Amino acid sequence: MHRFFGRFVIGASALLIAATAHAQGTNPSGRPFKLGGQLGASVPMGDFGDGADLGFHLGGLIEYKPASLPVSLRGELTYHRNGLKDDAFDDVFGDVDGNFSQIDFVGNALVPFGNAASTARPYVIGGLGLYRLKASMEFEGEEDSESETKFGLNFGAGLTFNLSGFETFVETR
């Protein structure tokens, strides 16, 4: 459970930078669907940070804003990868190479604050996810890997703003 928590923290707390396709100068409520992509850093924290390097994540999302609700609904598919620190297990196993990866399928509700016409708007986000975790290692010419699938929760906050014709957001979870 302790190993899972470390992996969950890296996945759920990753800094996300994303852009959703949105024409500049149009009314945000005029289009109920948005498609977007994510690219950012996956920062290892806690005990997980003792064995993992800074990583990356890459993903896609679709967001739906029902006209009758004050919230948006977002579905995400994200891939995270962190390398194994060069010296993390060398004392025990010798020369070890490996990585940690995670695939997330997440459904979220997003609640914006402030005026919808403003250029920057804060929001809170939270939801449920299915997380596929995998650890792979190679040492002394042999490869080994373990994987498991878990359900989890995520919560966070972000800021959305217009940037060169795209509705962009910066978010932490």
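In which strand is Tyr64 found? Tyr64 belongs to strand S3. The legends below start with the whole chain and then move to close-up views. The model is predicted.

**Figure 1. The whole protein has 3 helices and 8 strands.**
From the N terminus on, the elements run α-β-β-α-β-β-α-β-β-β-β. The protein has 173 residues, and 38% of them count as buried. Its accessible surface comes to about 9700 Å². Carbon and sulfur atoms account for 62% of that surface. Take the contacts between residues at least 6 apart in sequence: 57% of them join residues at least 24 apart.

**Figure 2. Five residues form a nonpolar patch on the surface.**
The patch consists of Phe33, Leu35, Ile62, Tyr64 and Leu73. Together these residues have about 490 Å² of accessible area. Strand S2 (33-42) and strand S3 (55-64) are the elements that give two or more residues to the patch. Tyr64 sits in strand S3. Its relative accessibility is 33%, so Tyr64 counts as partly exposed.

**Figure 3. Lys34 and Glu167 form a salt bridge.**
The closest N and O atoms of this pair are 2.6 Å apart. Lys34 lies in strand S2, and Glu167 lies in strand S8 (residues 166-172). The two residues are 133 apart in sequence, so the pair ties together parts separated by that distance along the chain. Is Lys34 buried or exposed? Lys34 is buried, because its relative accessible area is 11%. Glu167 has 13% relative accessibility and also counts as buried. The count for the structure comes to 7 salt bridges.

**Figure 4. Arg74 forms salt bridges with Glu76 and with Glu171.**
Between Glu76 and Arg74, the closest N and O atoms are 3.2 Å apart. Both of these residues are buried. The side chains of Arg74 and Glu171 meet at 3.2 Å, N to O. That pair links distant parts of the chain. Arg74 is in strand S4 (residues 72-83) and Glu171 is in strand S8, 97 residues apart. Arg74 has a relative accessible area of 4%, so Arg74 is buried. For Glu171 the value is 1%, and Glu171 is buried too. Which residues do salt bridges with shared partners join into one network? The network holds Glu63, Arg74, Glu76, Glu171 and Arg173.

**Figure 5. The charged end of Arg74 sits over the ring of Phe169.**
The charged end is 4.5 Å from the centre of the ring. Arg74 also takes part in the salt-bridge network of the previous view.

**Figure 6. Glu63, a member of the salt-bridge network, is found in strand S3.**
Glu63 counts as buried because its relative accessibility is 7%. Which residues does Glu63 touch, leaving out those up to four places away in sequence? They are Pro32, Phe33, Lys34, Ser72, Leu73, Arg74 and Leu110. Among them, Phe33 and Leu73 belong to the nonpolar patch. Lys34 is the residue that bridges to Glu167. Glu63 and Gly75 are 12 residues apart in sequence. In space, their C-alpha atoms are 6.4 Å apart.

**Figure 7. Phe48 and Phe100 form an aromatic pair.**
A search of the whole structure finds 4 aromatic pairs. In this one, the ring centres are 5.0 Å apart. The planes meet at 70 degrees, so the pair is edge-to-face. Phe48 lies in helix H2 (residues 48-51) and Phe100 in strand S5 (residues 96-112). The pair therefore ties together parts that are 52 residues apart in sequence. Phe48 has a relative accessible area of 9%, so Phe48 is buried. Phe100 counts as buried at 15% relative accessibility.

**Figure 8. Ser136 is found in strand S6 (residues 120-139).**
Why does Ser136 count as buried? Its relative accessible area is 19%, and buried means under 20%. Which residues are in contact with Ser136, leaving aside its neighbours within four places in sequence? The partners are Asp97, Gly98, Asn99, Asp144 and Ser145.

Conventions: Residues numbered from 1 in each chain as written. Predicted model: local features only at pLDDT ≥ 70, side-chain atom pairs only at ≥ 80, totals over all residues. Heavy atoms only, no water. Patch = residues over 30% accessible without salt bridge, like charges linked within 9 Å, V, L, I, M, F, W, Y side chains within 5 Å. Areas by Shrake-Rupley, 256 points an atom, 1.4 Å probe, with all protein chains shown as cover. Salt bridge = Lys/Arg side-chain N within 4 Å of Asp/Glu carboxyl O. Helix = DSSP H or I, 4+ residues; strand = E, 2+ residues; numbered from the N terminus. Buried < 20%, exposed > 50% of the residue type's maximum accessible area, 1.4 Å probe, protein only. Contact = heavy atoms within 4.5 Å. Phe/Tyr/Trp six-rings, centres within 6.5 Å; stacked < 30°, edge-to-face > 60°. Lys NZ or Arg CZ within 6 Å of the ring centre and 35° of its normal.
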